[in-house]
Amino acid sequence: MSTVSPLWSLYRAPLAHRPVDIVNTNHYHYSNFLRLFEPSMSEHCERTRHAIGSYSDEAQLLISSVRIWSNATRQKESVQHMLEPIFATYGANSALAYLDECMCLIATSAVRPIDVRCIRCEWVSDDELQFVKTVRYMQLEKMGEARQMSVSIVQPRLARVFCETAGHLALDLLQANLSLFRLHNLTTAEAHKIARIELSLIHI
């Protein structure tokens, strides 16, 4: 059975149901920075330890949104028009602006090329997972852990700003009942075991 995120069907909505003006002039000036993203096509993407189907719906929403943002900006399409229907489906309209701000910060201040997969890729990159975990730690009000996680993505001098923005995103997602407390589609015992391992790795 395929583990591709069901959000792909929303992203590929018929043109008749998508806004006519999809050109996003607000993001043109990021085109020079998009070399920091390394998009992988699904048929060639490197297999990782993380299958997207093993993550919760909330985590898949965030991962898919990152991929759509990267693709829309690269194609000079409107990020808002591509993502707004998806966030509206989950009742999280207000979170979109903070996701956009987080991605703009990554695009302009990444410490290295960032592995963002295509929307249909069945495997989650380490960088995509780092972003999800940063937002998750902000939901858990663990600012220290979030900053440690974020410096693998953005420059250390911007870690505080990035985490503050991720914190607003985290809060808006929570207000829409989109919790990242349970990151995996696992039993409670398995999830707790993974959480203990993750916390132990952070403090090594």
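Predicted model: local features only at pLDDT ≥ 70, side-chain atom pairs only at ≥ 80, totals over all residues.
The expected span of a helix is 1.5 Å times one less than its number of residues.

**Helix α2**

Helix α2 covers residues 57-74 and has 18 residues. From its first C-alpha to its last, α2 reaches 26 Å, which is close to the 26 Å expected at 1.5 Å a residue. This helix is mostly covered, since 14 of its 18 residues are buried. After α2 comes K76, a residue whose phi is positive, near 60 degrees.

| Pair | Angle between axes | Separation of axes |
|---|---|---|
| α2 and α4 | about 60 degrees | 11 Å apart |
| α2 and α5 | roughly 125 degrees | within 10 Å |
| α6 and α7 | about 120 degrees | 9 Å apart |

The pair α2 and α4 packs at an angle of about 60 degrees. Angles under 35 degrees count as roughly parallel, over 145 as roughly antiparallel, 65 to 115 as roughly perpendicular and the rest as oblique. The helix α2 is therefore oblique to α4, and the crossing of these two helices is right-handed. On the α2 side, the contact is made by L62, S65, V66 and W69, and on the α4 side by L99, D100, M103, C104 and A107. By class, the residues of the contact of α2 with α4 are 7 nonpolar, 1 polar and 1 charged.

Helix α5 (residues 126-139) is another partner of α2, and the two axes cross at roughly 125 degrees. This angle makes α2 oblique to α5. The crossing of α2 and α5 is right-handed. Here A59, L62, I63, V66 and R67 of α2 meet E128, F131, V132 and V135 of α5. The contact of α2 with α5 has 7 nonpolar residues, no polar residues and 2 charged residues. L62 and V66 take part in the contact with α4 and also in the contact with α5.

From α6, the contact involves M143, A146, R147 and S150; from α7, it involves A159, R160, F162 and C163. The residues of the contact of α6 with α7 divide into 5 nonpolar, 1 polar and 2 charged.

S150 lies in helix α6. Is S150 buried or exposed? Its relative accessibility is 0%, so S150 counts as buried; the cut-off for a buried residue is under 20% relative accessible area. Leaving aside neighbours within four places in sequence, S150 is in contact with T134, A159, F162 and C163. Of these residues, A159, F162 and C163 belong to the α7 side of the contact between α6 and α7.

S94 is found in the loop between α3 (79-89) and α4 (95-109). With a relative accessible area of 45%, S94 is partly exposed, because buried means under 20% and exposed over 50%, with partly exposed in between. Although S94 and D172 are 78 residues apart along the chain, their C-alpha atoms are separated by 6.5 Å.

Key: Residues numbered from 1 in each chain as written. Heavy atoms only, no water. Axes fitted to C-alpha atoms, helices over the stretch in contact; angles between N-to-C directions. Helix = DSSP H or I, 4+ residues; strand = E, 2+ residues; numbered from the N terminus. Contact = heavy atoms within 4.5 Å. Nonpolar A, V, L, I, M, F, W, Y, C, P; charged D, E, K, R; others polar. Buried < 20%, exposed > 50% of the residue type's maximum accessible area, 1.4 Å probe, protein only. Left-handed = near helix turned anticlockwise from the far one by under 90°.
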